[in-house]
Every structure is written in C-alpha cells, then in structure tokens.
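Please examine the structure displayed below together with its sequence. The paragraphs that follow lead through it step by step.

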Amino acid sequence: MILLGLILLLVGLLVSSSILWTIGIVLVLIGIVLWILGATGRAVGGRERWY
C-alpha cells in the first residue's frame, strides 16, 4: 500500500493531478499506520496474523 501510494504521488506530481496526489498521500499514511500497528503486534481487523 505504501509503494502504491508513492507511485501515485510521483504520477500526480509529474502529471500535476491533485486527485492522484491526494489519493497517494492517503494511501501512504494508511499504509504507514497499518505497518506500525503490525510491527507492534497489535491485532488489526481482529486478526493477529495475515495468514
């Protein structure tokens, strides 16, 4: 999710599209929050593991 957000940020910057820039920022932030929650061992969505 973080990688997709970074790609959208880059494309939004190159094409100067504000909607792609905004979606990219949101995806990066959500990805970072989920990454931090997963790294601390907290259950995300009721599941402790992804498998």
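Which residues are exposed on the other side of H2? They are Ser18, Ile19 and Leu29. The model in view is a predicted one, and its helix H2 spans residues 18-39.

Within H2, the residues Gly24, Leu27, Val28 and Gly31 are buried. Viewed down the helix axis, the buried residues of H2 fall within an arc of 105 degrees, so they line one face of the helix. These buried residues pack against H1, while Ser18, Ile19 and Leu29 are exposed on the other side of H2.

Attention may now turn to the partner helix. H1 comprises residues 2-15, and Leu10 is found in it. Leu10 also belongs to a nonpolar patch on the surface, which it forms with Leu3, Ile7, Val11, Leu14 and Val15. Together, the residues of this patch have about 590 Å² of accessible area.

Ser16 lies in the loop between H1 and H2. Its phi is near 55 degrees, a positive value in a residue other than glycine. Is Ser16 buried or exposed? With a relative accessible area of 64%, Ser16 counts as exposed, because the term applies to values over 50%.

Definitions and conventions: Residues are numbered from 1 along each chain as its sequence is written. This is a predicted model: local features need pLDDT of at least 70, side-chain atom pairs count only at pLDDT 80 or more; totals for chains, interfaces and linings use all residues. Side-chain values use heavy atoms; hydrogens and water are left out. Patches are made of residues with over 30% relative accessible area and no salt bridge: like charges are joined within 9 Å, nonpolar side chains (Val, Leu, Ile, Met, Phe, Trp, Tyr) within 5 Å. Accessible areas come from the Shrake-Rupley method with a 1.4 Å probe; for residues, only the protein chains shown count as cover. A salt bridge is a side-chain nitrogen of Lys or Arg within 4 Å of a carboxyl oxygen of Asp or Glu. Helices (H or I, at least four residues) and strands (E, at least two) are DSSP runs, numbered from the N terminus. Buried means under 20% relative accessible area, exposed over 50%, partly exposed in between (1.4 Å probe, protein chains only). The arc is that of the directions from the helix axis to the C-beta atoms. Contact means heavy atoms within 4.5 Å.
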